Amino acid sequence: MAEKLGLFKNFLSCHVCSETFRDPVSLSCNHNFCSSCLQKFWEQAKNQKCPICKRKSSKDCPDVNLALKELADSFAGRQKAGSSEIKKSREKKLTVVCRKHEEKPKLFCVDEQRAVCPVCDFPHHQSHKVVPVEEAVSDLKKHLESDLKSLQDKRNKYKQVEETYNEMIQHSKKQLLSTERQIRAEFNKLQQFLEEEEESRLAALREEEEQKGRTISREMKMIEEQISSLSDSISAVEEELQKHSVPFLSSYKDTQSRARAQSSVSDPQLVSGALIDVAKHLGNLSFRVWEKMKEKVHFSPVILDPNTAHPILYLSDDLTSVRCGAILEQLPDNPERNTYTATVFGSEGFRSGKHSWEVGDHPAWNIGLIKETADRKGEYPVSQKNGIWCLVHRSGKYNNGDGQTVKVKKSLQRIRVQLDYDRGEVSFYDPEVMTHIYTHRDTFTEKLFPYFCIFNVDDVKTSDIKICETKISL
């Protein structure tokens, strides 16, 4: 009953003063107004357009709609006794835009982003874009829904980074155990007097693990805070989207500002160097101990970096040889890792000077040098212009990496790679007789790393490619 009464009241209410019609007149567009309200509105607007649809009236003084007047007068008489209670109830339930005309707002100014009173405010908004409140609510909710989607996407990105950090934590623990085992194996070859050196290096390893752990924990705390903040914003937006009309209009701006501020936060990025630098602890370990012990040791000029190895590659414990396996290892996708090709880099890069190393042969490989900024995650064709200076071996044939065939007199058992950074040369030799094979010439502008790409080949005697040791005498 109350609902029907409300509909009837709306039918008999003037859209200008929001009161029951007094001498109602009807325009040709079928919109009805109090005669005095319409004339006052036209005087203020300085035109004779309908206050609702803006259609121009064909009459200066429209005739009173007698049937509508009779209905309005009858309804007004019945409602007069309880008008004060209805007014108080309406003040509690509705948010109004004007104290003089207390009604639920029907118009919204797009330019000023607020609801307007059709009597007091509307004449001042003639040059503004004014639309019905429901249309404004619908449009604004669409914008807020877009902001919600942006927040959800942002949260998903943070969750992905959080998941990768969790993988890195687990892998770091495995690295800790594996590296510790190898360090102990190296030190066990030495005598009791090396215990102090052994414990010193183990302490350094644990210290780095703790430091890397603190770094990851700090980053993850930030990630968790961002996820929590984004979740709060998402909840706020979702709650806002459940509101209707005026309550929504009164608070959506703050919610939208918060949502857009959160959405503008930069995407999470994995921190490079979060994994333990295994190569630093294991690389040339015997040589570095020899500097203190003054004993003869074997030295590898290049140590492979397991943090860069593709998951299909398996490195030896001493990080001097690599083979291509059949099963992908479960490794974290840290920024340093190659994930597109079966590639691994040396642990040490070069910015100057001369450097060389020898590699045992294998039926299918690319070896040489690669620039530090080369793409490790996507397709990166082997080419000098792409920052890869290498020699390629396939099916007994050699080429320079740019498709040009390189002739050799015999099948090579070893390859010598030689870098002269300052002269811009990467050369390859047969080390048995130091026969020159090929030289790349370029201008180097960034750090270069030893580069190894190995492929699976069936029915071969040698399954791995190994960096040859260099003997160092006292």
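**Helix packing and the cavity**

Modeller: The axes of helix α5 (residues 133-188) and helix α7 (residues 245-263) come within 10 Å and cross at roughly 25°, where axes are lines fitted to C-alpha atoms over the stretch in contact and angles run from 0 to 180 degrees between N-to-C directions. This is a predicted model, in which local features need pLDDT of at least 70 and side-chain atom pairs count only at 80 or more, while totals for chains, interfaces and linings use all residues. Residues are numbered from 1 along each chain as its sequence is written, and side-chain values use heavy atoms, with hydrogens and water left out.

Colleague: Why is α5 called roughly parallel to α7?

Modeller: Angles under 35 degrees count as roughly parallel, and the crossing is at roughly 25°, so α5 is roughly parallel to α7. The crossing of these two helices is also left-handed, meaning that the near helix is turned anticlockwise from the far one by less than a right angle.

Colleague: Which residues of α5 and α7 meet?

Modeller: With contact taken as heavy atoms within 4.5 Å, the residues in α5 include V133, L140, L144 and L151, and those in α7 include F248, L249, Y252 and A259. By class, the contact of α5 with α7 has nine nonpolar, six polar and five charged residues.

Colleague: What makes α6 and α7 roughly antiparallel?

Modeller: The axes of helix α6 (residues 195-241) and α7 come within 10 Å and cross at roughly 155°; angles over 145 degrees count as roughly antiparallel, and α6 and α7 are therefore roughly antiparallel to each other. Their crossing is left-handed.

Colleague: How many cavities of 30 Å³ or more does a search of the whole structure find?

Modeller: The search finds one, a cavity being a set of points on a 1 Å grid where a 1.4 Å probe fits but cannot get out. The largest cavity has a volume of about 30 Å³, and β8 (321-324) and β19 (464-466) each supply at least two residues of its lining.

Note on methods
Helix = DSSP H or I, 4+ residues; strand = E, 2+ residues; numbered from the N terminus. Parallel < 35°, antiparallel > 145°, perpendicular 65-115°, else oblique. Nonpolar A, V, L, I, M, F, W, Y, C, P; charged D, E, K, R; others polar. 1 Å grid on protein atoms, 1.4 Å probe; cavity = no way out; pocket = protein on both sides within 12 Å on 5 of 7 lines; lining within 4 Å. Points joined across faces, edges and corners; volume = space filled by probe spheres on them.
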